[in-house]
Amino acid sequence: MEKNKVVYAENLEFLKTLERIIKIHSNIGDVVLDFFAGSGTTGAVAGSLGRKFILVDNNKDAIEVTKKRLSHLNIEVEEYVSSLSASY
């Protein structure tokens, strides 16, 4: 596999389960929040079901994968980047 190749590991059963969870626990127009966005699967499913979504990830590569994935689905993406650090 190429080093920079973007791959979305998806399983149809997983997508169906995620779709069911989102349908049961939200309504059209609601916001779905995923703090561990990874490749953006939750956002892609939420968007396809008419939900808004907020995806959070601290990995810049994951954010790029998510942006590319959502753009292929014609989902408009707004990116907000904030960095916080603390020392103890």
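Helix 1 meets helix 2 through Phe 14, Leu 15, Leu 18, Glu 19 and Ile 22 on the helix 1 side, and Thr 41, Thr 42, Val 45 and Ala 46 on the helix 2 side. Contact here means heavy atoms within 4.5 Å. By class, this contact has six nonpolar, two polar and one charged residues. Ala, Val, Leu, Ile, Met, Phe, Trp, Tyr, Cys and Pro count as nonpolar; Asp, Glu, Lys and Arg count as charged; the others, Gly among them, count as polar.

This is a predicted model, in which local features need pLDDT of at least 70, side-chain atom pairs count only at pLDDT 80 or more, and totals for chains, interfaces and linings use all residues. Residues are numbered from 1 along each chain as its sequence is written, and side-chain values use heavy atoms, with hydrogens and water left out.

The axes of helix 1 (residues 12–25) and helix 2 (residues 41–48) come within 10 Å and cross at roughly 60 degrees. That makes helix 1 oblique to helix 2. Axes are lines fitted to C-alpha atoms, for helices over the stretch in contact, and angles run from 0 to 180 degrees between N-to-C directions. Under 35 degrees counts as roughly parallel, over 145 as roughly antiparallel, 65 to 115 as roughly perpendicular, and the rest as oblique. The crossing is right-handed, that is, the near helix is turned clockwise from the far one by less than a right angle.

The chain has three helices and two strands. Their pattern along the sequence is α-β-α-β-α. Helices (H or I, at least four residues) and strands (E, at least two) are DSSP runs, numbered from the N terminus.

Of the chain's 88 residues, 24% count as buried. Buried means under 20% relative accessible area, exposed over 50%, partly exposed in between (1.4 Å probe, protein chains only). Residues 24 or more positions apart account for 41% of the contacts with a separation of 6 or more.

Leu 55 lies in strand 2. Val 56 sits in the loop between strand 2 (52–55) and helix 3 (60–72). Two C-alpha pairs follow.

| Pair | Sequence separation | C-alpha distance |
|---|---|---|
| Leu 55 and Phe 36 | 19 residues | 7.2 Å |
| Val 56 and Asp 34 | 22 residues | 6.1 Å |

Leu 55 is partly exposed, at 23% relative accessible area. Beyond four places in sequence, Leu 55 touches Asp 34, Ala 37, Gly 40, Gly 43, Thr 66 and Leu 70. Val 56 is partly exposed, at 32%. With neighbours within four places set aside, Val 56 contacts Leu 33, Asp 34, Phe 35, Phe 36 and Ala 37.
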